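Subject: Structure handover

Hello,

Please find the structure below. My notes on what was found in it follow.

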Amino acid sequence: MNKQISVLCPKALCVIGRICTTSSRWHSQQHSRLKSAPQQLVGVVGLEIHAQINSNTKLFSGSPVNFSAPPNSLVSFFDGSLPGTLPVLNRRCVEAAVMTGLALNCTINRKSFFDRKHYFYADLPKIASPLLDSFSTVDTHSGTAGYQITQHRQPIAVEGILTYSLLGGKKMSQVIRKSVHIKQIQLEQDSGKSLHDDTHSQTLIDLNRAGVGLMELVMEPDMSCGEEAAAAVRELQLILQALGTCQGNMSEGQLRVDANVSVHRPGEPFGVRTEVKNINSIRYVARAIDYEIQRQISVLQRGGMVQNETRAYDSKSGETMPMRDKEGLQDYRFMPEPNLPPLIVYEDDASLPTGIDACQAVVVQKIREELPELPSVKRDRLVQTYGILPEHSFTLVNEEGLVEYFEAVMKATKKEPRKVIGWVTNELLGQLKQQDMSVSQSPISPPALAELLDLQEAGHISSSAAKQVFQEMWRSSSKTALQIIQEQDLGLVSDTAQLHSICQKVVDSHPDEVQAIKNGNKKVLNKLMGMVQKETKGRADPVLVRTILQEKTS
């Protein structure tokens, strides 16, 4: 007989039972029932993230890095693993890894090592000769063994922490801060890319990506659901982009996520985990993990066992599919990379050995001084400086260049920050999203928007007219807000006599609404105001119109 398993949703509260105070016997029975009931299963999520280092050249060769280059056009002799070629470490990649480690509060190892990780894969070009390397694994079909240069024994950075935020509460305005521990950051080479041609039943290999520098960030299993994992990945993406160490474009494979997912009851050991490979979108990270958690719970509810396997996420079906099992533990046969010495970084200039040029060394203190304002710090500053809501700070920081745009408008306008934020996040961002444009491509500059907002604030145009002007400015970026207002006669009608005449006409033609107002239904006044605005094409001063209508209907 299968035991009933309860499922815990992190967002929901489970009411287990009510205790009746009038019956001690019922009290005892309920306590006994709660004690014997099994604890709910919860998800356990850890992540392995491969971030492509933002560098002009590859990790160990001078080959350029370019996503859109023709296949196999950026492959040096070393990338293709020609005999006699040796690796030369790219200092930019090392500095990027150190900077990322510092931003994530990691300990930077002053000495780290490179290792060979042996396994066979079609797009892994490096071949280890069994004559030279007794630790090589040999593919039984091809007679060759592949390896990747990575950091296994002692990576460049360890023991960090990533703090990320979720928006919660009824109005999604409460900031919930969480953190995940970073086990390590290691430098390694990327592999090539396999392109499967189903029409001709063949697989083509593109080695342009082979040898591109990667940072592998290993996150501990500190998360419990897809929402938390997605928020952590998004925060990491923003940090890497702020640092300039990785562009973070997931559609181009610059940031790839592997999720290790299991379920267990709190207080018990973790369950058997599955690995969901190569998730290429933050939205899919959340969906893939949540699906996998529910799938594993479902398996256990049916009395089955979760298999230790690698799975892939199918975005069309919203499900994870099995790729291969992990029951037979793969022996990667790590060995020290014989062609690379230990990687040494120095704390400051004073720790440099005599005779070493500071320009040729990686100095941690110099990199620490170059750290930019990180996303979490920026969000807090925006809230404190401008008094905007937390959710608005998330919107600003999440869009590249939007913080700078908002602050440039604030410097040029007298309008309150909370009113400016509405224009930036609703009108401007809405247009950008609709036309798939970046902030830098906006046809309306910050000073131009500031001029429009000041004209509205000064009472020269109404809010509805301001939106008309904004749309015209978007279409004709060469025209200023004032020119458009004058050309289209959108200025606010503040002539008292003219407004009195229009209001009287509206009142006379709507006796039922006037009677309703006199009977105490003050909301009907808004209807009359709308009619006046219609008559004036939205150019009437709303404050003055309300005052006149109140006089005429009292």
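A residue is called buried when its relative accessible area is under 20%, exposed when it is over 50%, and partly exposed in between, with a 1.4 Å probe and protein chains only. By that rule, 44% of the 554 residues of the protein are buried.

This is a predicted model, so local features need pLDDT of at least 70 and side-chain atom pairs count only at pLDDT 80 or more, while totals for chains, interfaces and linings use all residues. Residues are numbered from 1 along each chain as its sequence is written, and side-chain values use heavy atoms, with hydrogens and water left out.

Overall picture

The protein has 16 helices and 16 strands. Both are DSSP runs numbered from the N terminus: helices are H or I with at least four residues, strands are E with at least two. The accessible surface comes to about 29,500 Å², and carbon and sulfur atoms hold 51% of that; the areas come from the Shrake-Rupley method with a 1.4 Å probe, and for residues only the protein chains shown count as cover. A contact means heavy atoms within 4.5 Å. Of the contacts in the protein with a separation of 6 or more, 67% are between residues 24 or more positions apart.

Helix pairs

Axes are lines fitted to C-alpha atoms, for helices over the stretch in contact, and angles run from 0 to 180 degrees between N-to-C directions. Angles under 35 degrees count as roughly parallel, over 145 as roughly antiparallel, 65 to 115 as roughly perpendicular and the rest as oblique. A crossing is left-handed if the near helix is turned anticlockwise from the far one by less than a right angle, and right-handed if clockwise. For residue classes, Ala, Val, Leu, Ile, Met, Phe, Trp, Tyr, Cys and Pro count as nonpolar, Asp, Glu, Lys and Arg as charged, and the others, Gly among them, as polar.

H3 (226–243) and H4 (282–301) have axes that come within 8 Å and cross at roughly 155°. The two are therefore roughly antiparallel, and their crossing is right-handed. On the H3 side the contact involves Gly 226, Glu 227, Ala 229, Ala 230, Val 233, Arg 234 and Gln 237, and on the H4 side Ile 282, Val 285, Ala 286, Ile 289 and Asp 290. By class these are 7 nonpolar, 2 polar and 3 charged residues.

For H7 (390–398) and H9 (417–434), the axes come within 11 Å and cross at roughly 50°. That makes H7 oblique to H9; the crossing is left-handed. His 392, Thr 395 and Leu 396 of H7 meet Ile 421, Val 424, Thr 425 and Leu 429 of H9. This contact has 4 nonpolar, 3 polar and no charged residues. In H7, the buried residues are Glu 391, Ser 393, Phe 394, Leu 396 and Val 397. They pack against strands S6 (157–168) and S7 (174–189) and against helices H3, H6 (375–386), H8 (402–412) and H9.

The axes of H10 (446–457) and H11 (463–475) come within 10 Å and cross at roughly 160°, which makes H10 roughly antiparallel to H11. The crossing is right-handed. Ala 448, Leu 449, Leu 452 and Gln 456 of H10 touch Ser 463, Ala 466, Val 469, Phe 470 and Met 473 of H11. The classes here are 7 nonpolar, 2 polar and no charged.

Single residues

Ile 279 lies in strand S12 (274–279) and is buried, at 3% relative accessible area. Leaving aside neighbours within four places in sequence, its contacts include Met 250, Leu 255, Tyr 284 and Val 285.

Glu 292, in helix H4, is buried with a relative accessible area of 0%. Not counting residues up to four places away in sequence, Glu 292 touches Val 261, Thr 274, Val 276, Arg 311 and Thr 320.

Most residues other than glycine have a negative phi. Asn 105, in the loop between H2 (91–103) and S2 (107–108), has a positive phi near 60°. Asp 436, in the loop between H9 and H10, also has a positive phi, of about 55°. With 73% relative accessibility, Asp 436 counts as exposed.

Regards
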